[in-house]
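User: Hello! I am new to this structure and would like a friendly tour of it. Could you take me through it step by step?

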Amino acid sequence: MKAGIKITLFLCFIHLSGIAQVKEARIVFERRTNLEKLYGNMEQMKRFVNEDNKIRIEPFELLYNDTASAFLPIEDPTGGPGGWMAYLTTKNKTYSNYNSKQQMTTMDFAGQAIFVEDSMVSREWKITESKRFIAGYNCRKAVYDKNDSTRIYAWFSTEFELSTGPEGLNGLPGVILGLATEDGGIVYFAKEIEIGKIESSKLLYDTGKNDVYTKESLARTIEERMGKSRWSSGMMENLFRW
Amino acid sequence: MKFSKILLTIIILSCISFAGHSQTMRITGTVYDTSGVKPLKNAVTMAVRIKDSLLLGYSRTDDNGNFLLTGFDIDTFTLYVDHPNYDEKVFYLFGSADNYEIEIPKIQMPDKSQNLDEVIIYANKEAIYFSGDTLIYKADSFQVHENAVVEDLLKKLPGIEVDENGAIKSQGKDVDKVLVDGDEFFGDDPTIATKNLGAKGVESVKVYEKENEDRGSGSDDKIQVLDLQLKEDYKKGYFGRISGASDFGLTYLSAGYPYEFNRSFYEGEFLFNRFSGSQKLSVFALTSNTPRSSLGWRDVRQFGLDNEAASGSRWDMGGGQAAPSGIPQTLRAGIYFSDKFGKKKRTKLNFNYSFYDEKLDATSESYSQYFLTDTSYSTNNIGRQIDENQSHRINLDFRTQLDSLTKLRIKPTVSFDKGINSTVDRVEFLSQDSVNTLNTQAENNYDGNAFNISTKVSLERKFMKDGRELYLDYDYVLDDSKTEGNLLTTSDNIALAYIDSVDQRKTNDLLKSGHYTDVEYVEPIGDFWSLSGRYQFDYTTESQEKRSYNRVGTDYNDLDSAFSNAFETLRLQHKGGVTLSFENKKHEIDFEVIFRNIDIDNVNRFTGTPVKQNVSNILPAFDYTFKPSKSKEFSFEYNTRSSQPSVDDLQPVQDNSNPNAIREGNPELLPNYVHNFRLDFSSWQVFSSQFVWTGANFSITQNAFANSVSYNQFGQSVSKTINVDGNMFGTLYAGASFPIYKQIISIRPTVNLMYNKYTNEVDANLNVTNTFTGGGGIRLNFEFDSLNFNIYNSYSYNSSVSSLNTFANTPYSNQTYGFNLRWTLPKGFVISSDAKYTINEQPGEGFYDLSYFVWNAEVSKSFLKTENLVVSIVGNDILDQNVQAARQVSGNIITDNRTEIISRYFLLKATLRFNNQKTQQKDYEGWH
């Protein structure tokens, strides 16, 4: 974390000196998931989620250049705090191509990669007057009402040129440095920002021999295969959360 | 919106009419720095619709400061111009059909300014005070009406405002969260707490700022919190279940049932949980004279009855079906209490007291074949066992976090057991040519008392350095059990034409105590390695005094030295070892070496003969796990272990409670030493629901405990435990689960192979028995909306080859076929049923040759709006098969058992679930 603070301070300094455009960067996010909020309504989960483990913290990185971005979980070389609780949170990888307006999401479903390719979703963002600093950047809060019951908050900074963010979210004039569900159950915040060239090879993906679904065909497949199981509703929710 | 910060520029263009076609807004302009001279590159312009704040579009200025913002319909919107080095500039634009092309020729950005919010603090009367940064209201100082809720109270508090939607402001600032005793007891909606909690339960109201754990609900790092401190007896509720079942005496009982069983079958159950804050109190009672003699795993979970989980695994989702071999009568009851203490509730105390009163009346028959070097013989046994046991158990579990790195746990357990056990066994001995040579009868009647204490103390300490850990454990165990009783045997020796009898009074005192200490320290080396050192020291003593008195006249005072002895064993064990571990994302490796020394001091107090043993071993272990991906795992394990003989195996005295199989101890017996190898592979794909697993296990034992038996000419035996080398055990297993037809059906095949080499000694000759077992099965699960069922079968083939006598080498097989079904019908009806058909086969005809079909079913209907009342008819063993059969092969003996179990009965059962909210109360549904 110390390195992060240093970088942030350094960046504050340099962006005050007038470099007001960031075309390529690596942004490290910390995701805090409140398992109690996410699963609190499931009676059987209450036993497992307690004060000590209810907040699950996982790192992610957003890499982008002028035409593409990748949002990836940062693998913990030690495996991280594991056990089955690791499966309670998603580790999706999202690759976005801003020329073709296509997004590829790789879902990790308990070890099995599932590839979903679809065109970018156009979201209706509402802009607020609320502002805050995240990782040294002034951000404005925007709100996306996904549906009647789901509201998502995003804090974006216009200092970054590309319209991108965690989980492939985009459509705001800048990069989203903070993202949260309304109840704060899942929150992403930028911690470190490294400005510099991003190799375009890092923004590529390989689907191998796997099936590639669209969101619709995956939803249909899940319903067909797992319509009866507990997993399916959670999976659909994780897939279509943002 | 701060108007002081905003230069309000309104460009109003007259709205005349809307054209037939919607047109697109087009805004152009040039952005300059504060001086108005230098054009600003890369400033963001953003159009936000006024009526709903929707982002309509955005663009950036080019090198010359020019921008073009277009691509959205005509609207009334705010235009933000934003650049990180300047304050933002805001315009309101009113577009119309005639005026959708707007040009703002010169936008001059204002200087960056910093505005800090001022903090306003109120001073108050005595009922309100500050403690640090926390504002505290004493609730009792504010008058509210009798049935007031928290919201009514808050409205009375100066500085706090509550609007009609229940939103709260303190000193003009929004309250983001309402906590109850520092906890989010009622979830996120603050009104759940404020509109439902009674005001008179509140002790005080605290208002303070708190780090925003989620940093998502508001826009600030800190949020304002209103914390309701409740009076002790507040957060309360309860839930429970009561059920009763009876056959109303309608079951026809065959004459074969035991004497006192001329009454009806019943089951009764009561479970109740009351919670009050962190305090939980559960009470349970269960009584039955059916095989349903323990609580199910679900109930154990839901009601927090952790120590009742002993019988029935988590897979027994329904009631625990212990299926004792015989006719049980059960009463179990108990009380559980748990609470958390301390400011952060870091101290937890659990307490429970349970009482069991269990009776069992079991009648069994068995047929055994004994294969000796020169001959074989067989026995027909008929036995009856009546047990009455009472047990009191007290458990205490105290856990506390001394600081953020140190945890302490103290777990004492006390139990008292009292039992009356009687057995009667009649045995008929038949020679190889089926001539009845000997008949015996043995009656044992004992009263026993046992007292047991165990205490575990463990301390776990972590350090600032991640991965450095220290564990200290100390266990103390004390066992004190006494039995007293009578043995009466008669042997009618037909061949030699005499009758022999034994009539003895017997006492047995066993006292066992142990101190077990364990220290372990783990030190991480770099990111992936760690080294741990461990030292264990055990000090255990066991003493057992067995006395047998022969009857002389009417008194029992002739001590029979052949069956009496006092024996003591003292063991000191030191174990020291190191473990080197490596762990990264894909590989996990552990190397462990333990040096162990046991010093054993056995003393025969009757003869004064000491037997001293000193055994030193190296116990190595190796463990490797490879995870090529999160869904595949391969592991290999090698370990060594050593276990010590029990005092009964050691004590040099004969046990004649079964005159046909007298046992004696062997004080020379050494601890055994086992090498164990295990190999496992598994792969699972949750998305497509495919699972595959396979593995193998192999162990070889040195100084294995084995039976040494010698026979007289009728087949009566005397045996003791000896050490033998080369016993082996190996298994190979594989299984899979994969779905077909849209995962409505899943298929689960399994295969098992087993090999066992067992050495025993028969009349001083070594007898090696090689046993091969092979089998497999398949299960099909069907899951439809209202109907779930599965069908399964299994097959196993068993072949034993004994070196001493080839007559024993009769293979046998077992097949099962069965189904489970649950069908939910309209109007609250549910049908559930299970059935199992068992076929036991052996070549020729034999005792074991048997097939039976056991079928159980239940039809239930739920009542009330909440469906909390369920009435059902339960049918057990509807086809009245009344048997339980098993075959056991050990060394040169094959025994086939049949035990009489409860057969057909029907119960009418009523179950009522309830809770304090009068809502639907569901049983706990675990994850599986």
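This is a predicted model: local features need pLDDT of at least 70, side-chain atom pairs count only at pLDDT 80 or more; totals for chains, interfaces and linings use all residues.

Analyst: Gladly! Residues are numbered from 1 along each chain as its sequence is written, chains are lettered from A and ligands numbered from 1 in the order in which they are written, and side-chain values use heavy atoms, with hydrogens and water left out.

User: What percentage of the residues of chain B count as buried?

Analyst: Chain B has 4 helices and 49 strands; helices (H or I, at least four residues) and strands (E, at least two) are DSSP runs, numbered from the N terminus. Chain B has 928 residues, and the share of them that counts as buried is 41%.

User: Is Thr489(B) buried or exposed?

Analyst: Thr489(B) belongs to strand E25 (residues 469–493) of chain B. Beyond its neighbours within four places in sequence, Thr489(B) is in contact (heavy atoms within 4.5 Å) with Gln441(B), Ala442(B), Asp500(B), Ser501(B), Val502(B) and Pro659(B). Its relative accessible area is 3%, so Thr489(B) is buried.

User: What is the relative accessible area of Glu783(B)?

Analyst: Glu783(B) is found in strand E41 (residues 765–783) of chain B. Its C-alpha atom is separated by 6.4 Å from that of Ile745(B), 38 residues apart along the chain. Glu783(B) counts as partly exposed, because its relative accessible area is 35%.

User: How many aromatic pairs are there over all chains?

Analyst: A pair of aromatic rings is described by the distance of the centres and the angle of the planes. Rings of Phe, Tyr and Trp (its six-membered ring) pair if their centres lie within 6.5 Å; planes under 30 degrees apart count as stacked, over 60 as edge-to-face and the rest as tilted. Over all chains, the count by this rule is 31.

User: Which kind of pair do Trp125(A) and Tyr144(A) form?

Analyst: The ring centres of Trp125(A) and Tyr144(A) are 5.6 Å apart and the planes meet at 50°, so the pair is tilted. Trp125(A) lies in strand E7 (residues 125–134) of chain A and Tyr144(A) in strand E8 (residues 137–145) of chain A, so the pair ties together parts 19 residues apart in sequence. Trp125(A) counts as buried at 1% relative accessibility, and Tyr144(A) counts as buried at 11%. To return to the kind of pair: tilted.

User: How far apart in the chain are Phe239(B) and Phe303(B)?

Analyst: Their ring centres are 5.2 Å apart and their planes are at 45°, so Phe239(B) and Phe303(B) form a tilted pair. Phe239(B) is in strand E17 (residues 236–246) of chain B and Phe303(B) in helix H3 (residues 297–303) of chain B, which puts them at a separation of 64 residues.

User: What is the volume of the largest cavity?

Analyst: On a 1 Å grid over the protein atoms alone, a cavity is a set of points where a 1.4 Å probe fits but cannot get out, and lining residues have an atom within 4 Å of a point. Grid points are joined across faces, edges and corners, and a volume is the space filled by probe spheres set on the points. The structure holds 8 cavities of 30 Å³ or more, and the lining of the largest includes Ser243(B), Glu267(B) and Lys909(B). The volume of the largest cavity is about 50 Å³.

Methods: Buried means under 20% relative accessible area, exposed over 50%, partly exposed in between (1.4 Å probe, protein chains only). On a 1 Å grid over the protein atoms alone, a cavity is a set of points where a 1.4 Å probe fits but cannot get out, and a pocket is an open set with protein on both sides within 12 Å along at least five of seven lines; lining residues have an atom within 4 Å of a point.
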